[in-house]
Amino acid sequence: MTMIKSIESNKKMEFDWIRKANFASWWVTWEDLEWPDYAVEKKWENRAKIFSKAGINAVVIFGFHFRWDYLPVLDRVLEILARITEICHVNGLRVVEHHSATFVHRVRNVKDRWEIRIRNRHHVPFYPDNSQELSFNGSKLVDWRQISSKDNKPVYHEGWNNECFCPNNPNYQKAYLAFIERHVEKIKYDALMSDDLQFLPDIYTCGCAHCREKFYNATKMELPDPSEKDFWENPANTYRQQWIDLRYQWTAEHYQRLRKFLPENIALWGCASNCTGANLTGMGVSPQHYVRNWDAISHEIYHSLDPVKDKVEVRAGLSAFASIARQHNVPLIAIFYVQRPEDINLWIKLLEQNDARPWLCKQVRIEDAVPEEELLLNGAFFAKKRVFPGKYAAVTIRFSQKYRDSLPEHLAEKYVQRYMQECNSMIDKNYMVDVVFDGYRST
Ligand SMILES: [Zn+2]
């Protein structure tokens, strides 16, 4: 047991505003595509004023999410976001640009259109008919897609009715930076949240020529045929473990390239709903790897989680993300979804215990969710004087990603469950939990 005093700063504090930020989601909708339009401008101005009055001082763009799908109308979208950013800045609100860097919707039939409507309406799913023909920066988007090693075909992910670009494809890499350059030229945003760096749907992805070459260069072994179960289905296989480790590195390298490319005054982060889960192995997602090039840690508290009923999962997640933030001296931002104004304070209390900056969002799983303007209308929830956490007695819990990844799935699940239970039993005894991950020091 150790006392956590103050964490020594080994990183220059460049984005102090994030540590004082109270975020709210700023939804762009189909209606906003009508801009230039007086009524739309009026709506934006009213919203900015309501947010500002309620103590919000930063907004995160939501909507137009699968941004590559907007290529046919990209200039229009950029002009819209530029005007929103101007209005926000006039009202004292910082702006975080937020989109998926790799996902594109693809529809095969009417059922897919309905699936997208039911599950992803809030993203404003604008998917063009001519997706097969689209190109950017001199290369075709269809050539950037992730490939499954199972059948050597592009992956179609049923979960979001999408395809996904491979972060190892050099044409994709160049195109994304050029895409970001177009954004930065037009929009004076303060931070970029570049999402969805992952391999879908499982560890058989990605088997494109670039991933195969990189795997060979690292191991001097060809990526095995899908019939070689000792590689693909045996977690104890050391080559498989290397493959898993490389996939974390490859998704993390996206942020390394982006951080180098972005102007220094624009902060960078991505999104992560989990940093311990057994499902992260297949996706190649590791916020622990990403944080080296993130200026803040962003934790999405999944919209179905309730702060009381699901407290074991919520507190274990917050403790893990808060630990990463402390250890890397970056602020933690946590998004929570609410439908009633009275639920806001419940979340704020939990977040304050973890020194997390709040990001308020409407409850996206409800069809006619109460919008942020309405949630904030009668209460200056974020304008109150805050009581920051002082010194806590802390206990250290070790969590090994490498160990989790070396286990069969059901045992990996058990390992994660054990972490969550241990973490909660310590919090119940009023300790702060400091989670130490592979290769990271606690302070
Ligand atoms: Zn690939």
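Before any angles, the classes: an angle under 35 degrees is roughly parallel, over 145 roughly antiparallel, 65 to 115 roughly perpendicular, and the rest oblique. Axes are lines fitted to C-alpha atoms, for helices over the stretch in contact, and angles run from 0 to 180 degrees between N-to-C directions. Helices (H or I, at least four residues) and strands (E, at least two) are DSSP runs, numbered from the N terminus.

Two remarks on the source. The model is predicted, with pLDDT of at least 70 needed for local features and 80 or more for side-chain atom pairs to count, while totals for chains, interfaces and linings use all residues. Residue numbers start from 1 along each chain as its sequence is written.

First, helix packing. Two packed helices are described by the angle between their axes and the distance between the axes. Take helix α6, residues 209-219, and helix α8, residues 238-261: they pack at an angle of about 125°, and their axes are 11 Å apart. α6 and α8 are therefore oblique to each other. Their crossing is right-handed; a crossing has that hand if the near helix is turned clockwise from the far one by less than a right angle, and is left-handed if anticlockwise. On the α6 side the contact is made by Lys214, Phe215, Ala218 and Thr219, and on the α8 side by Tyr239, Gln242, Trp243 and Leu246. Contact here is two residues with C-beta atoms, placed from the backbone, within 7 Å. By class, this contact of α6 with α8 has five nonpolar, two polar and one charged residues. The classes are Ala, Val, Leu, Ile, Met, Phe, Trp, Tyr, Cys and Pro as nonpolar, Asp, Glu, Lys and Arg as charged, and the others, Gly among them, as polar.

The other pair is helix α3, residues 74-90, with helix α5, residues 170-186. Their axes come within 9 Å and cross at roughly 40°, which makes α3 oblique to α5. The crossing of α3 and α5 is right-handed. Leu74, Leu78, Glu79 and Ala82 of α3 meet Arg182, His183 and Lys186 of α5. The residues of this contact of α3 with α5 divide into three nonpolar, one polar and three charged.

Now the sheet. Strands of a sheet pair through backbone hydrogen bonds, either parallel or antiparallel. Which order do the eight strands of the open sheet take? The order is β12-β11-β4-β3-β2-β15-β14-β13, and the pairing is parallel. A pair requires at least two bridges found by DSSP between the strands. At the edges stand β12 (267-269) and β13 (297-300), each with a single partner strand, so one side of each has no neighbour in the sheet. From one strand to the next the twist averages 25°.

Strand β11, residues 191-195, is joined to β12 by three bridges, and Leu192 stands opposite Leu268 in β12. Strand β2, residues 23-27, is joined to β3 by five bridges, with Trp27 opposite Phe62 in β3.

Is strand β3, residues 58-62, mostly covered or mostly open? Mostly covered: five of its five residues are buried. Buried is 20 or more other C-beta atoms within 10 Å of a residue's own, exposed is 12 or fewer, and partly exposed is in between, with C-beta atoms placed from the backbone. In a regular strand the side chains alternate between the two faces of the sheet. Both faces of β3 are covered, with Ala58, Val60 and Phe62 on one side and Val59 and Ile61 on the other.

Helix α11, residues 311-328, lies across β13, β14 (332-338) and β15 (356-362), running at about 175° to β13. Tyr337 lies in strand β14 and, with 22 C-beta neighbours inside 10 Å, counts as buried. His303 is 34 residues away from Tyr337 along the chain, with 5.6 Å between their C-alpha atoms.

Last, the backbone details. A cis peptide bond joins Trp35 and Pro36, with omega about 10°; Pro36 is in the loop between β2 and α2 (38-53). The peptide bond from Thr205 to Cys206 is also cis, omega near 10°, and Cys206 is in the loop between β11 and α6. Lys220 is a residue other than glycine with a positive phi, near 60°. With 7 C-beta neighbours inside 10 Å, Lys220 counts as exposed.
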